[in-house]
Amino acid sequence: MNSETLIPKIGVVTDIRIDTPDVRTFRVVGLDGKKAFEHMPGQCAMLSMPGVGEAMFSITSSPTNTEYMEFSIKKCGCLTDWLHAMEVGQQITIRGPYGNYFPVETDLKGQDLVFIAGGIGLAPLRSVINYVRAKRGNYGKLQVIYGSRSKEDLVDYQEILDEWMADEGVEVNLTIDREEEGWDGHVGFVPNYVKELEPDLKSKVLVCGPPIMIKFTLAGLKELGFTETQVYTTMELRMKCGVGKCGRCNIGNKYVCKDGPVFRFDQLDELPDEY
Amino acid sequence: MKQLSLEKLNDLFALIGQTEALYLPVDDAAGQAAYRRWQPGYTLSKALNTVRSAKDFFFPQTENLVDFKMQGKSIEVIDPRTEQENFVLFGVRACDARSFSILDKVFLADPVDTYYQSRREHGTIVTLACTRPEETCFCTVFGIDPAEPAGDVSCWIEENTLFMKANTPKGDALLTLAAPLLSEGGDDAVAAQQAATRSVLARLPLAKLSLDGMGGESMLKLFDSDKWAELSQACIGCGTCTFVCPTCQCYDIKDFNTGDGVRRFRCWDSCMYSDFTRMAHGNPRLTQRERFRQRFMHKLVYFPANNHGEYGCVGCGRCLSKCPVSMNIVKVAKALEGEVK
């Protein structure tokens with residue numbers, strides 16, 4: 001890692017995709033037109049607009065994408081408001097990668113994988129899903145269970161339809177919270193849908209979404225017979241430095257920016273319940 | 001061991017001050033000791049310790065990290081640092097000297113904080129042994145010996161003489177610089193003073209404070225203790241404890257519009273403040289109970305869990321004397337003692 005970790009690089013925004021009413025996906029490259037740095041699925045980067053703010057975002061593109069990085073960002077504060085208002089060609093600052101990553105080359109290799117996401121929680125998992133799809137032979141069956149408030153709130157909907165659903169050996173199960181016109185898929189909350197679908201108990205599970213969804217999903221998985229050692233999630237807490245020194249993103253003695261953001265649930269059990 | 005008559009102390013300061021920036025505790029108009037850059041006429045404070053710790057010299061209250069110039073959609077990134085000058089910190093007490101090694105474990109861990117590292121490399125620390133520790137002192141609980149303070153150079157003042165001993169190459173260099181003023185001798189005088197000081201230390205009211213059972217093994221038990229509600233009840237979240245603490249190292253990063261660009265700086269922050277962990281989707285530490293718990297869990301449990309049992313406290317006693325509601329780490333440690341036995 002660059003030892004001048006607090007001094008960012010310049011990133012250039014080359015594309016802005018409107019995903020949902022409050023989520024946009026920004027494509028970013030370095031000043032030389034290439035990827036700003038390499039990363040692994042689940043790692044994060046600090047993005048900022050000087051004078052507005054700096055914050056940590058998960059890198060939603062897969063490391064196997066050799067041309068650029070993507071960030072799916074929900075509009076929910078000063079910086080994200082600003083990012084949503086900017087235009088293509090805008091320069092921002094970027095530093096990273098930060099944190100650990102999903103163990104795609106170790107524990108998850110050769111396994112059947114179940115991805116469970118709620119809302120913007122798909123952003124960090126998309127990196128893993130596309131990594132695994134690009135290295136298809138290294139993994140078993142893939143199942144994606146994804147839900148959001150409504151159809152228009154499904155992030156990456158077009159990519160899911162055009163690419164993920166078209167893949168052989170990838171099962172995609174979508175759900176929305178309430179009935180709506182033009183939706184003939186499943187309706188209901190993610191945790192209940194997971195219980196209905198009864199994913200294969202041999203699978204490793206990766207969960208990300210709102211805290212309440214994660215809580216009920218984990219409870220449901222346990223009811224089905226999954227153990228905590230099979231289930232991974234990715235956490236977020238407020239961060240400033242990204243390297244375990246500014247002192248605010250800790251859960252017990254672990255810093256989410258450095259020791260996380262990816263944790264297995266049995267690891268979280270050993271830490272104070274403060275997240 | 002080298003020695004110097006105290007009558008020549010100002011000559012020593014002048015000699016060092018000629019070649020390097022020299023900082024030492026000086027009394028202000030209100031009689032409070034604070035580190036000041038030496039200039040003719042300044043005399044070394046007789047206070048036991050400075051109100052603020054010496055951490056400012058390596059981890060200043062604010063410092064500029066990076067400058068940005070913006071034009072249209074473009075951004076230019078500028079490293080604002082100029083060459084770090086050498087400096088000498090004179091009169092540091094043993095507790096503050098230990099705090100540097102605790103800060104090192106944070107800032108020099110990979111990836112190294114180069115802002116901090118540069119100051120550490122350019123600073124020479126001259127410590128001064130304590131002879132009259134106060135009732136708020138409990139450095140010995142952490143294995144610190146204020147009669148034999150660490151540092152590049154250790155000093156003792158006895159009667160009318162300053163005794164100096166170099167412990168590192170930086171210390172050797174400083175004593176070489178001061179050589180024209182120094183003479184050999186003083187081992188016996190220092191040994192006598194140390195024996196006297198140590199007998200006082202053993203009788204201090206907090207000398208027997210027990211931290212048995214603290215540390216990583218007790219993390220969940222201590223975190224879930226119902227003592228925190230009562231302990232934190234009086235805390236007003238002012239952050240004074242974190243401000244005067246020599247080991248508190250949490251920081252914020254903020255941007256400032258200079259009119260000509262944007263300056264990104266870091267400044268001390270405090271886990272005692274409500275917005276320290278506040279995010280768009282909520283706050284994991286909603287009340288002062290959680291924030292208060294974080295500070296003491298960090299020093300007594302989380303830090304030792306990550307650093308081979310070393311606590312994030314040096315027993316300087318500043319939080320004991322400065323907390324406006326008389327809450328402090330000693331009361332917390334005593335209250336929690338029963339939880340882990």
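At what angle do α4(A) and helix α5 of chain A pack, and how far apart are their axes? The close-ups below start with that pair. This is a predicted model, where local features need pLDDT of at least 70, side-chain atom pairs count only at pLDDT 80 or more, and totals for chains, interfaces and linings use all residues. Residues are numbered from 1 along each chain as its sequence is written, while chains are lettered from A and ligands numbered from 1 in the order in which they are written.

**View 1. Helices α4(A) and α5(A) pack at about 20°.** Their axes sit 8 Å apart, with α5 covering residues 211–224 of chain A. Axes here are lines fitted to C-alpha atoms, for helices over the stretch in contact, and angles run from 0 to 180 degrees between N-to-C directions. The two helices are therefore roughly parallel to each other (angles under 35 degrees count as roughly parallel, over 145 as roughly antiparallel, 65 to 115 as roughly perpendicular and the rest as oblique). Helices (H or I, at least four residues) and strands (E, at least two) are DSSP runs, numbered from the N terminus.

**View 2. Zooming in on the residues between α4(A) and α5(A).** On the α4(A) side you'll find A:Val190, A:Pro191, A:Val194 and A:Lys195. They meet a set in α5(A) that includes A:Met213, A:Phe216, A:Leu221 and A:Leu224. Contact means that the C-beta atoms of two residues, placed from the backbone, lie within 7 Å. The residues of this contact split into 7 nonpolar, 2 polar and 2 charged (Ala, Val, Leu, Ile, Met, Phe, Trp, Tyr, Cys and Pro count as nonpolar, Asp, Glu, Lys and Arg as charged, and the others, Gly among them, as polar).

**View 3. A:Glu198 has a positive phi.** Look in the loop between α4 (190–197) and β11 (204–208) of chain A. A:Glu198 counts as exposed because it has 9 C-beta neighbours inside 10 Å (buried needs 20 or more other C-beta atoms within 10 Å of a residue's own, exposed 12 or fewer, and partly exposed is in between; C-beta atoms are placed from the backbone).

**View 4. B:His308 also takes a positive phi.** Its value is near 50°, and this residue isn't a glycine. B:His308 belongs to the loop between α9 (288–306) and α10 (318–322) of chain B. With 8 C-beta neighbours inside 10 Å, B:His308 counts as exposed.

**View 5. A cis peptide bond runs from A:Gly260 to A:Pro261.** Omega is near 5°. A:Pro261 is in the loop between β14 (254–255) and β15 (262–264) of chain A.

**View 6. In chain B, the bond from B:Asp110 to B:Pro111 is cis.** Here omega is near -5°. B:Pro111 sits in the loop between α2 (94–107) and α3 (114–122) of chain B.

View 7. Domain bounds come from an automatic or database domain assignment.

**View 8. Chain B has domain 1 (2–55 + 81–202) and domain 2 (216–248 + 269–340).** Their centres, taken over C-alpha atoms, are separated by 29 Å. Across the contact, 21 residues of domain 1 of chain B touch 16 residues of domain 2 of chain B. The domain 1 side comprises 11 nonpolar, 4 polar and 6 charged residues.
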